[in-house]
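I opened my notebook to look up a few side chains and what surrounds them. Here are my entries, in the order I made them.

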Amino acid sequence: MKKAMSVFLALGMTAALLAGCGSSNSAPAASGAQTPPTVPALSGTVSTNGSTSMEKVIGALSEQFMADNSGVTVSYDPTGSGAGIEAVSNGTCDIGLASRALKAEETGLTATTVALDGIAVIVNAKSKVADLSVDQIAKLFTGAVTDWSAVGGDAGAVAAIGRESGSGTRDGFESITKTADACVLSQELTSTGAVIEAVKGNPNAIGYASLSAVEGQDGIKAVTVGGVACTEATVLDSTYAIQRPFVLVTKDGATLSAAAQAFFDFATSTAANDLIKAAGAVPVAK
């Protein structure tokens, strides 16, 4: 009996020792647990400057980004592509906006394409002209054709309306139609909206404007070019001849602020695709 009691006591002491060891091992693990660091919310401003044709795209992207990041303000100064490129080059804005590729002399910069845009060739809604070739468009803008009757319209003097020097839309249009420094313009205007309004008000006018700005407009119509309409699908598959890129321009060697980098990353990601489409342009992120 005494021997049995000794065995029971030994077993009990062993169990107690094991329990004690277990509790001493678990306590440090609990006290050593790490709390995940808190990621600070973005704050500050992001300044963008440039292409007036990118207004809808940059507006949609900015609105969503600010909704997701309440501490950040994104500003947009619609000065035209050339001015926007100059602004980012001299450091007066974070991100330049251009509706054309960089020129050879615009060095020290990087252009990142966020979307493609068709340049619609527009005439007054009352015009009989519905389709033009690239060659006919070039002749209408350079004065080689001066009367609409030569291209299937009612008789009347052609009034070609274009953008100002430095405009990305003008640069894109003239480079594709090979009319650089050769256009004879009735009016030279400083915004896409002004061109549309001028064509609305003149039955003999012809102009050009971003696809995103033309859609849904009364008083004008976009002609087909070589039988191809200017649409998102024909721009993406390159069957529509007159198109150009929408790009974000950054300065080489300059570090963007956390807010500006986050906006740039968002704008160039697939998360922005639906916003870009809704703004009338064709996203390129995959």
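Entry 1: I looked up Asp171 and found it partly exposed, at a relative accessible area of 27%. My cut-offs were these: buried is under 20% relative accessible area, exposed is over 50%, and partly exposed is in between (1.4 Å probe, protein chains only). This is a predicted model, so I kept to its limits: local features need pLDDT of at least 70, side-chain atom pairs count only at pLDDT 80 or more, and totals for chains, interfaces and linings use all residues. Residues are numbered from 1 along each chain as its sequence is written, and side-chain values use heavy atoms, with hydrogens and water left out.

Which side chain does Asp171 meet in a salt bridge? I found Lys103, at 3.7 Å from N to O. Asp171 sits in helix α5 (residues 168-177) and Lys103 in the loop between β3 (95-98) and β4 (109-124), so this pair ties together parts 68 residues apart in sequence. Lys103 is also partly exposed, at 35% relative accessibility.

I noted two rules here. A salt bridge needs a side-chain nitrogen of Lys or Arg within 4 Å of a carboxyl oxygen of Asp or Glu. Helices (H or I, at least four residues) and strands (E, at least two) are DSSP runs, numbered from the N terminus.

**Entry 2: other salt bridges.** How many salt bridges does the rule give? I got nine. One of them joins Arg100 and Glu106 at 2.8 Å, N to O. Both Arg100 and Glu106 are buried.

I then looked up Lys139 and Asp135, whose side chains meet in a salt bridge at 3.3 Å, N to O. Both lie in helix α4 (residues 134-142), four residues apart, about one turn of the helix. Lys139 is partly exposed at 36%, and Asp135 is partly exposed at 46%. I also found a network of salt bridges that links Arg170, Glu174 and Glu188.

**Entry 3: helix α5.** Is α5 mostly covered or mostly open? It is mostly covered, with seven of its ten residues buried. Among the buried ones I listed Arg170, Phe173 and Glu174.

Next I checked the ends. Ser167 caps the N-terminal end of α5, with a side-chain oxygen 3.2 Å from the backbone nitrogen of Thr169. Just after α5, Lys178 takes a positive phi of about 55°.

**Entry 4: nonpolar cores.** A nonpolar core is a set of buried Ala, Val, Leu, Ile, Met, Phe, Trp, Tyr and Cys residues joined through side-chain atoms within 4.5 Å. In soluble globular proteins, nonpolar side chains tend to be buried together.

Which members of the largest core touch the most other members? I found Val121, Ile122 and Ile206, out of 40 residues. β4, α4, β6 (159-163), α6 (192-200), β8 (205-210) and α7 (211-214) each supply at least two residues of this core. The largest share, six residues, comes from β4.

Leaving out residues up to four places away in sequence, Val121 touches residues including Ile137, Phe173, Ile206 and Tyr240. Apart from this core lies another, of 25 residues, among them Ala259, Ala260, Phe263 and Ala281.

**Entry 5: Asn273.** I finished with Asn273, in helix α10 (residues 273-278). Asn273 is buried, with a relative accessible area of 14%. Not counting residues up to four places away in sequence, Asn273 touches Pro283 and Ala285.

Key. A polar contact is a pair of N or O atoms within 3.5 Å; within protein, one must be able to donate a hydrogen and the other to accept it, and residues adjacent in sequence count only if both atoms are side-chain atoms. Contact means heavy atoms within 4.5 Å.
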